[in-house]
Each structure stands twice: as C-alpha cells, then as structure tokens.
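I opened the model to look up a few positions and how the chain is put together. My notes follow.

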Amino acid sequence: MCEIQKDALKSGQRVLIVDDLLATGGTLKAAEDLINKIPGTTVVGSYVLFELPFLGGAKKLQGKLVSAVQLND
C-alpha cells in the first residue's frame, strides 16, 4: 500500500520517485498512480538502487525514465 499526506505535493510540481528495489514494478506503479491523482503533478521518472530486470518491472512504467545503479561483476 502506498500513502501520501494530502498536502505533500502542490499543483505544478514535478516528482521523481525513489525506491530501493525494482522487481515486478508494483510499488513504483502504485506510487505513480497515487501521485497522478494529485491535480497538476507530473511524475518525471523513477530511480532505484537495484533492479531485477528478469522480472520485467520497468515495462509497467511505460515511457517513464527508470534509472538504477549498475553493479558490475
């Protein structure tokens, strides 16, 4: 479940969603949907520390910039 205070964002604000993990994309999608309910706000993208790309979570955020820290072996 995602929650936000009623007065946390104002119309016209651009929002970057930050999360620790992108797996199936459910949490980022829920956060985006919640923010989109606030008139005039715009989600400009998402940033995560870790992504599990084999689960395809980024596909649920169609067209939104998703950035993740890249770990190299």
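I started with Pro39, which lies in the loop between H1 and S2. Helices (H or I, at least four residues) and strands (E, at least two) are DSSP runs, numbered from the N terminus. This is a predicted model: local features need pLDDT of at least 70, side-chain atom pairs count only at pLDDT 80 or more, and totals for chains, interfaces and linings use all residues. Residues are numbered from 1 along each chain as its sequence is written, and side-chain values use heavy atoms, with hydrogens and water left out.

Is Pro39 buried or exposed? Pro39 counts as exposed because its relative accessible area is 64%. The cut-offs are these: buried means under 20% relative accessible area, exposed over 50%, and partly exposed in between (1.4 Å probe, protein chains only). I also checked Pro39 against Leu9, 30 residues apart along the chain. Their C-alpha atoms are separated by 9.6 Å.

Next I took Gly40, also in the loop between H1 and S2. Gly40 is partly exposed, because its relative accessibility is 45%. Which residues does Gly40 touch, not counting residues up to four places away in sequence? I found Ser11, Gly12 and Gln13. Contact here means heavy atoms within 4.5 Å. From Gly40 to Leu16 I count 24 residues along the chain, and the C-alpha atoms are separated by 15 Å.

Then I went to helix H1, where Leu34 lies. Leu34 is partly exposed, since its relative accessible area is 21%. Leaving out residues up to four places away in sequence, Leu34 touches Cys2, Glu3 and Ile4. Asp20 is 14 residues from Leu34 along the chain, and 18 Å separates the two C-alpha atoms.

Gln5 was my next stop, in the segment before S1. Gln5 counts as exposed because its relative accessibility is 61%. Gln5 and Ile17 are 12 residues apart in sequence, and C-alpha to C-alpha they are 15 Å apart in space.

I turned to the strands. How many bridges join S1 to S2? There are 8, between S1 (residues 14-22) and S2 (residues 42-51), and the two strands run parallel. Two strands pair if DSSP finds at least two bridges between them. I noted two positions across this pairing. Arg14 has Thr42 in S2 as its bridge partner, and Val18 stands opposite Tyr47 in S2.

What do S1, helix H1 (residues 26-36) and S2 make together? They make a right-handed β-α-β unit. A crossover is right-handed if, with the strands pointing away from the viewer, the path from the first strand over the helix to the second runs clockwise.

Last, I looked at the whole chain. I found 1 helix and 3 strands, in the pattern β-α-β-β along the sequence. The C-alpha trace spans about 45 × 20 × 20 Å along its principal axes. Of the 73 residues, 27% count as buried. Among contacts between residues at least 6 apart in sequence, 67% join residues at least 24 apart.

The accessible surface comes to about 5300 Å², and 54% of that belongs to carbon and sulfur atoms. Accessible areas come from the Shrake-Rupley method with a 1.4 Å probe; for residues, only the protein chains shown count as cover.

The chain has 8 positive and 8 negative side chains, and the centres of the two sets lie 10 Å apart. Lys and Arg count as positive and Asp and Glu as negative; His and the chain ends are not counted. The place of a charge is taken as NZ of Lys, CZ of Arg, CG of Asp or CD of Glu.
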